[in-house]
There are 2 protein chains.
Amino acid sequence: MVEEIAVLGAGSGGCATAADLSLRGYKVNLWNRSYDRIMPILKSGGIELTGRVRKQGFAKLNKITWGDHIKEAIQGVDVIIITVPAYGHEDVAVRCAPYLHDGQIIVLNPGYFSSLEFAKTLRSMGVKRRVKIAETSTLTYACRKVSPFKVDVIITTKFFLFCTFPSKDVEEAIDIFKQLYPSAIQAINVLEAFLNNPNPIVHPIGVLLNLGCIERLERFYFYKEGVTPSVAKVIQAIDNERLALCKALGFRQISTKERLIRGEYAKEGTIQEMYNKSVLGCIKAPSTIHSRYITEDIPYGLVTWASLGDLLKVLTPTMKSIIQLFSVITQTDYYEKGRTVKKLGISELNAEELNRFLAKGNT
Amino acid sequence: MVEEIAVLGAGSGGCATAADLSLRGYKVNLWNRSYDRIMPILKSGGIELTGRVRKQGFAKLNKITWGDHIKEAIQGVDVIIITVPAYGHEDVAVRCAPYLHDGQIIVLNPGYFSSLEFAKTLRSMGVKRRVKIAETSTLTYACRKVSPFKVDVIITTKFFLFCTFPSKDVEEAIDIFKQLYPSAIQAINVLEAFLNNPNPIVHPIGVLLNLGCIERLERFYFYKEGVTPSVAKVIQAIDNERLALCKALGFRQISTKERLIRGEYAKEGTIQEMYNKSVLGCIKAPSTIHSRYITEDIPYGLVTWASLGDLLKVLTPTMKSIIQLFSVITQTDYYEKGRTVKKLGISELNAEELNRFLAKGNT
């Protein structure tokens, strides 16, 4: 039975996770890299939780730490849930490595296919402890911070994939994780989970076709207003490219529409209608281009998918066009900066070999 | 001496051309394909001209015709100025062919590299008359219709290139055209003129990054508000790709900034500042995606440039990304629909052979 949990990252996702699990009776520690963000929570001693959760109210936390004090947060816990952005996973791996112990389950939430790198970092730091590294396809809550220690849950994710790397370890891990999140669905491997992350499908293009507005500081609702007919058409094209990747790897082909319906985000309709009328309607568009919608979902999302496409001979012209335009706009070489199959050390594998590697942890 | 001129196309550019030349003392005939657009001008007998022109006022026109009555407009004139969109050039060539006569100068304004196709159409229709076919790099007026027979000129173009196809015929033609537009600059050939068309550089990307706004029916000024920092960065990237094409062909490398300054559109500054503060500030963004900014500047602009890039081994990743996204958005295969080097019959030539062909009219 899970008793104690560490949540690493005190953004809206981390706060929702920590508060919800605490109110559900678990002992929860919260850690954040920077002091500034954790300070108001430290002062209040916990997080105020509202919205669509089992129990609303003030969630008292067990330990609240930051920066170099990660040991206090993770020592002795059963599950470590990491909610920092993908570009922070490596840093968290380095910080955690000295304090992990046998039997702990580390869940990258969402994973963005970071578990290969996470495992490699632990190995390179000489970690001998038998921990299990897992990923979810998407954050387990759609939520937003309404103040530095108040978070509002729009929906608890009803449909998401979960797997460990290597996937041979999945059974025990998913049994434990399902105590916390019963709706987790077992993926074939972490790559199947990653290919079902909705963020790279909708975030970058929603920003791109609304960038004029964003730069003129006109505020709008990202899904309710930002998903116009053209945005919806490009979402569909990206989705088709993503589904072709899933097919080439022998994975389920779960369309964005199917995910929106099964996740209870929206009722059946066109892509545009479904997003416009979804429960995510209250989410505002980012107010700047320096947002996770770009800084995470291009280098750790579309770049990885497009590079997988090159490896598997699946065409991804729409993904590549979006990457190219953001490369120009942010003056960043995302193939250099981002997570390609080459950087992951899997650029010599075919689909079968890749799946075998993800199952066993070695080729 | 030029006495009589035909203007084919009664959009804002055609109306400005017809009215300005009429008020400057030329005998001007105006033709338009559709009756609907010409009808108000036919009723009023001419066009009201305002703005930055030598002479404002009501310009009486000599003949006003439409549809199948093109003969009346072009017979006996010295110069035929064609202001229809690039996708209408072929149709106008077919309509004109039977009625052309020796010595006439046909000016595609702007040309979009249509003169090869125009010449081919005349040849295939058995035209033996010795006419000269020329192109301008850009429309000779920045203007907008304020009513169906009223046009306001924002600026008479101060800097544009002009050449005939083949360019060996240019001297006589430019002497005549300069009587009408003294600021015409002789280009090496029609391709150099086409590569200095500003529209494909700024129109598609200005629409793309503001498409959310356009589809939410929010009106904004295209240059004053629509050219945000990100739009400016992509304009610069497209400009660099275009300049690399110019270099590969041995043409002048006239940057967008230089053109804006020499054309008296704007004072020196950043690309964004120059557009935001340019004399074009009053031009509104298109209210729909079904605009010439897309339907002309993708298939007859960026597609031709990108396909030239492939021919000359010049990389055009930014142009190609914009084409790809609009292909998805408008569900159109622009390489199939648009004007590629293959369709132009020049896909087997290198830069030197291409320039020789454009000079002589045969390889």
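Let's start inside chain B: B:Asp20 is buried, at a relative accessible area of 3%. On that scale, buried is under 20% relative accessible area, exposed is over 50%, and partly exposed sits in between, with a 1.4 Å probe and protein chains only. B:Asp20 belongs to helix α1, residues 12-23 of chain B. Helices here are DSSP runs of H or I with at least four residues, strands are E runs of at least two, and the numbering goes from the N terminus. Leaving out residues up to four places away in sequence, B:Asp20 touches B:Leu49, B:Val53 and B:Tyr141, where contact means heavy atoms within 4.5 Å.

Quick housekeeping. This is a predicted model, so to speak of local features we need pLDDT of at least 70, and side-chain atom pairs count only at pLDDT 80 or more, while totals for chains, interfaces and linings use all residues. Residues are numbered from 1 along each chain as its sequence is written, chains are lettered from A and ligands numbered from 1 in the order in which they are written, and side-chain values use heavy atoms, with hydrogens and water left out.

Now over to chain A for a moment. A:Ser115 is in helix α5, residues 115-124, and at 0% relative accessibility A:Ser115 counts as buried. Beyond four places in sequence, A:Ser115 touches A:Leu108, A:Ile133, A:Glu135, A:Phe165 and A:Val190.

Back in chain B, have a look at helix α17, which holds B:Asn355. Again not counting residues up to four places away, B:Asn355 touches B:Asn189, B:Leu249 and B:Phe251. With B:Leu249, a polar atom of the B:Asn355 side chain lies 3.0 Å from the backbone oxygen. B:Ile106 is another story: 249 residues from B:Asn355 along the chain, with 21 Å between the C-alpha atoms.

Then comes B:Gly361, in the segment after α17 (351-360) of chain B. Is B:Gly361 buried, partly exposed or exposed? At 29% relative accessibility, B:Gly361 counts as partly exposed. B:Gly361 touches B:Phe165, B:Pro166 and B:Arg356, with residues up to four places away left out. B:Phe165 is 196 residues away from B:Gly361 in sequence, yet the two are 6.7 Å apart, C-alpha to C-alpha.

Okay, the interface. 30 residues of chain A are in contact with 30 residues of chain B. The buried area is about 2,200 Å², and carbon and sulfur atoms give 63% of that; buried area is the accessible area, with a 1.4 Å probe, that two parts lose on being put together, summed over both. On the chain A side, A:Leu209, A:Arg216 and A:Leu325 lose the most area to chain B, together 24% of what that side buries.

The largest share, nine residues, comes from α15(A).

A rotation of 180° with 0.0 Å of shift along its axis superposes chain A on chain B, RMSD 0.0 Å, fitted by least squares on the C-alpha atoms of residues with pLDDT of at least 70 in both. The two copies are therefore related as by a two-fold rotation axis. The same surface serves both: 100% of the contact residues of chain A recur in chain B.

Key
Polar contact = N/O pair within 3.5 Å; in protein donor to acceptor, adjacent residues only side chain to side chain.
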